[in-house]
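Please read them with the model on screen.

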Amino acid sequence: MVARLVIAAPSSGSGKTTVATGLMAAFTAAGLAVSPHKVGPDYIDPGYHALATGRPGRNLDAYLCGPDLIAPLFAHGSAGCDLAVVEGVMGMYDGAAGQGELASTAHVAKLLRAPVVLVVDASSQSRSVAALVHGFASWDPEVRVAGVILNKVGSDRHETLLREALEESGVPVLGALRRVRQVRAPSRHLGLVPVAERQAEAVESVAALAAQVREGCDLEALLALARSAPSLPGGAWDPGAVPAPASAGGRAPRVAVAGGAAFTFSYAEHTELLTAAGAEVVPFDPLHDERLPDGTAGLVIGGGFPEVYAPELSANQPLRAAVAELARSGAPVAAECAGLLYLARELDGKPMCGVLDAEARMSERLTLGYREAVAVSDSVLAAAGTRTRGHEFHRTVVEPGAGPAPAWGLHAPERRVEGFVQGNVHASYLHTHWAARPEVARRFVDRCTA
């Protein structure tokens, strides 16, 4: 059993990331092995969680992976740890649109049988905070709201009024953070700026969050609460549960995975699945490396912010040429969102790899949401007709939006085809979580050995 807490809030902007990251860093500094988790498909917050704990930040998404995988994925990620801190998403009861509690923080808390600490933005209220907390604590009796952390408290007098009001709610106050000096990370069009783009400043920010939480929160009470969580039934998710294919000549095929500041969006389980499927995973940075890793047999380019680094990516002409040549050679290439932009002919007028006959540009419109999808064409990732779930999150447009052989047919919010299947290249905006379909990694690695 791993002690665990879920950090939730009534709404976005209440301070979940501040509190969760600060708790992770503070408990890590106290000598505990802390496992960091994030509810939902967010890629950016887990980067700060990893910085705070020294362990991979992992997502728990009941829509992408299904409810039955949440506890096993949690057990896999938290193995050997003393404590797990799970940061929620949006408001505590907000989940997949139109699907009830699915993928909400409350849903995940119930699946993990974990106590919830509610982070409340206490600015501009005093006694009303008790009604707010009472409502959230009583809405679903299966959700155990076991404590409150007050955020953006204005003064000692304000804190006293809030604490007096909450005495009537029966939910203990486990911390109060002043609004005098909120530690913030810079944001832009898709949220916080990722850790990889501001490493030194991010280290300082996380250290400041830890200090703020240590000063304002009752860490002993929070740890005792986490240790009150009951044991979870069932075993841990195993990336090696799907047998690896026999590699050519007995050697593991080398799969290059894009990283660095421009390509920061990835799930830790993807690399684990590729490795378990028999691949040797080698990271590279398209901003700085002028060639692919020697012996590359397959290429994975995940999400990120190539639009921010379009001039630098374009200037690395040797690597763009190497990627194009690899694709022409028939090697498997899986490109997701940012990877799709990188494979296009150009991005905001800057030459990219030219693997796809498409142009990409920034847009004023944010495309965001869960998607039901079916594979339209046979590809290195899926056979035609395969159904899956994914997530879109971008403020760019690719024209055309699909090639002659589209990657996916999407069913919500409108029916459309999307993405490109071109030889052994699969490029799409859709983010998927391979833990839900581990055969994806096996299929990809199998193509690398063909």
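1. Contact here means heavy atoms within 4.5 Å. Axes are lines fitted to C-alpha atoms, for helices over the stretch in contact, and angles run from 0 to 180 degrees between N-to-C directions. Helices (H or I, at least four residues) and strands (E, at least two) are DSSP runs, numbered from the N terminus. On these terms, helix α2 (residues 44–53) lies across β2, β3 and β4 (83–87), at about 170 degrees to β2. Helix α5 (residues 128–139) also packs on the sheet, where α5 touches β5 (116–121) and β6 (145–153) and makes about 145 degrees with the direction of β5.

2. The model is predicted: local features need pLDDT of at least 70 and side-chain atom pairs count only at pLDDT 80 or more, while totals for chains, interfaces and linings use all residues. Residues are numbered from 1 along each chain as its sequence is written, and side-chain values use heavy atoms, with hydrogens and water left out.

3. Seven strands form an open sheet with parallel pairing (two strands pair if DSSP finds at least two bridges between them). The order is β3-β2-β4-β1-β5-β6-β7. At the edges are β3 (58–60) and β7 (173–178), each pairing on one side only. From one strand to the next the twist averages 25 degrees.

4. Strand β2 (residues 34–39) runs parallel to β3 and is joined to β3 by three bridges. K38 has N59 of β3 as its bridge partner.
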